[in-house]
Protein chains: 2
Amino acid sequence: MHTERFRGQMDFLKEIEKLKIIYRQNGVVDRSRPENSAEHSWHIALMAIILEEYVVLKNIDILRVIKMLLIHDIVEIDAGDTFLYDTEGNIGKSQKEEQAARRIFGLLPEKQRIEFLELWREFESGTTPDAIYASCLDGLQPLVNRLMTGGYVFRGEELKTSQVLEKKKFMEKASPFLWDYAKDVIKESKDKGLYT
Amino acid sequence: MHTERFRGQMDFLKEIEKLKIIYRQNGVVDRSRPENSAEHSWHIALMAIILEEYVVLKNIDILRVIKMLLIHDIVEIDAGDTFLYDTEGNIGKSQKEEQAARRIFGLLPEKQRIEFLELWREFESGTTPDAIYASCLDGLQPLVNRLMTGGYVFRGEELKTSQVLEKKKFMEKASPFLWDYAKDVIKESKDKGLYT
C-alpha cells in the first residue's frame, strides 16, 4: 500500500532520530547531561520566531529560516559535532558534512531532497539574509546556554574570551542589537570564570 | 540598553531550556535515556514539513502548524508530561496546563504572548485544520519511535493494542493515509510484543 515515496520520507524521519544522541559541548539546565543537537535545533527555531524584530536584513522569510535551523545539524549524524573552537577537528569538516548531507537528505523524494540540500548549503555558506539570520541564532544560543548552565563542558576545554568574541562577531551582520547582547553575555560569563 | 521587551523575550527563551529535561515515556534510539519533550517537538515539526502532502484537510498553514508543534509541550515545564494512557494522571491536567501556559507565555511581550497562548489553546482544542494536522503528528511520532527503540518504557506500563488504537484513531481526520500507516506500525509493534 505505501509508496516508495512515502517509505523514503519515513526512512528520513527515522534516520534523524539519531540527532537526539549527537551531543554538544554545553549542558542542559540541571547539568545532568550534555545538550544534544536535536533539542538545540528546536531551541533556535523558537528563537528565530521570537527575535525576528531585531534583524536589520531585509526580506527575511521566517519559514525558510525555521526550516534551515531545524535541519542545519542533521549532517552531524554522520560527521559528528565539531566544537567551534577545535581548529584541528574542523579540518576536512565541510567535505564530511557535504557527504553526510547527500546521504541523509538523499533518503527523501527528489523535490524535498533538493529543497533540503539547497537550504542546508545556503545555511553553510552564510551569505543570504535568511542564512545570516539563522547563523546568528546558532551563534547566540550556546552563549546564553553556557552562562545559564554555569559552563557545563563536555570535553573540558578552556576558552579565551578573545577567541569567543572573534568567533561570534559575525552575528553583528544580522543584528547589531543581538550582537551587543551577546557581548554582554560573554562579559558576564567571563566575570563568572567561564572564559579565561 | 536592553529594553524590558527584550528582557521578557530572553526570559522566555531561557525558561524553555527546562523543556529539555522533561522526559517522556519513549526512549532515544540507543536506549540510553528517555526522549525529552524539546527533541520530540523538533522531530514533529520536521514531520509536519515532510508529510504535508498526505493531509486531506484544506487550508493548512504550515508555518502555524510548525509554531504550534514547537510550543505545544512547553506547558509541561510546570505541569509535567502526563502519559497519554494514564487515566488518573490526566485528571485536572487541562487546568494545570492552562495555568502553566499563562505563566510561561506570560513572560513574552503582549502581542507574542497572545499569539502563542492562542496557538497553544487551538492545538489543545484540536478543532481547526492546523490543530488537527499538528495533533496527528504528535500522535504518530511516538508510535514510530516506540517501534524503533524496541519499547523503551520509562515507567514500565504495559499497553494493550486496543487502547492504543482507541487513543490514536483521531489521526484519521487529518490523514486516512497516515492513519493506515499508523495501524501498520501498531500491528508490527504488537507482533514484536511491544503491546499486549
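Modeller: A residue is buried under 20% relative accessible area, exposed over 50% and partly exposed in between, with a 1.4 Å probe and protein chains only. The model is predicted: local features need pLDDT of at least 70 and side-chain atom pairs count only at pLDDT 80 or more, while totals for chains, interfaces and linings use all residues. Residues are numbered from 1 along each chain as its sequence is written, chains are lettered from A and ligands numbered from 1 in the order in which they are written, and side-chain values use heavy atoms, with hydrogens and water left out.

Colleague: Why is B:Arg64 called partly exposed?

Modeller: Its relative accessibility is 30%, which falls between 20% and 50%, so the middle class applies.

Colleague: With which residue does B:Arg64 form a salt bridge, and what makes it one?

Modeller: The partner is B:Asp130, with the closest N and O atoms 2.8 Å apart. A salt bridge needs a side-chain nitrogen of Lys or Arg within 4 Å of a carboxyl oxygen of Asp or Glu, so this pair qualifies. It links distant parts of the chain, helix α3 (residues 62-71) and helix α7 (residues 129-148) of chain B, 66 residues apart. Helices here are DSSP runs of H or I with at least four residues, and strands are E runs with at least two, numbered from the N terminus.

Colleague: Is B:Asp130 buried or exposed?

Modeller: Its relative accessibility is 5%, so B:Asp130 counts as buried.

Colleague: What does the salt bridge of A:Arg121 tie together?

Modeller: A:Arg121 pairs with A:Glu98 at 2.7 Å between the closest N and O atoms. A:Arg121 lies in α6 of chain A and A:Glu98 in α5 of chain A, so the bridge joins parts 23 residues apart in sequence. A:Arg121 has a relative accessible area of 36%, so it is partly exposed.

Colleague: How do you know that the length of α6(A) agrees with its residue count?

Modeller: The expected span of a helix is 1.5 Å times one less than its number of residues. For the 16 residues of α6(A) that gives 22 Å, and the end C-alpha atoms are 22 Å apart, so the two agree.

Colleague: Which residues of α6(A) are buried, and what do they pack against?

Modeller: A:Phe116, A:Leu119, A:Trp120 and A:Phe123 are among them. The buried residues of α6(A) pack against α1, α3, α5 and α7 of chain A, together with α2 of chain B. Just after the helix, A:Gly126 takes a positive phi of about 60°.

Colleague: What makes about 4900 Å² the buried area between chain A and chain B?

Modeller: Buried area is the accessible area (1.4 Å probe) that two parts lose on being put together, summed over both. Chain A and chain B bury about 4900 Å² between them, and 73% of it is on carbon and sulfur atoms.

Colleague: How many salt bridges are there between chain A and chain B?

Modeller: There are four, and one of them joins A:Lys20 to B:Glu35 at 2.7 Å, N to O.

Colleague: Where is B:Lys168, and is it buried or exposed?

Modeller: B:Lys168 is in helix α8 (residues 161-168) of chain B. Its relative accessible area is 5%, so B:Lys168 is buried. Its side chain reaches the backbone oxygen of B:Gly139 at 2.8 Å. Residues that B:Lys168 touches also include B:Leu84, B:Tyr85 and B:Trp179.

Terms used
Contact = heavy atoms within 4.5 Å. Polar contact = N/O pair within 3.5 Å; in protein donor to acceptor, adjacent residues only side chain to side chain. Lists of a residue's contacts leave out its neighbours within four places in sequence.
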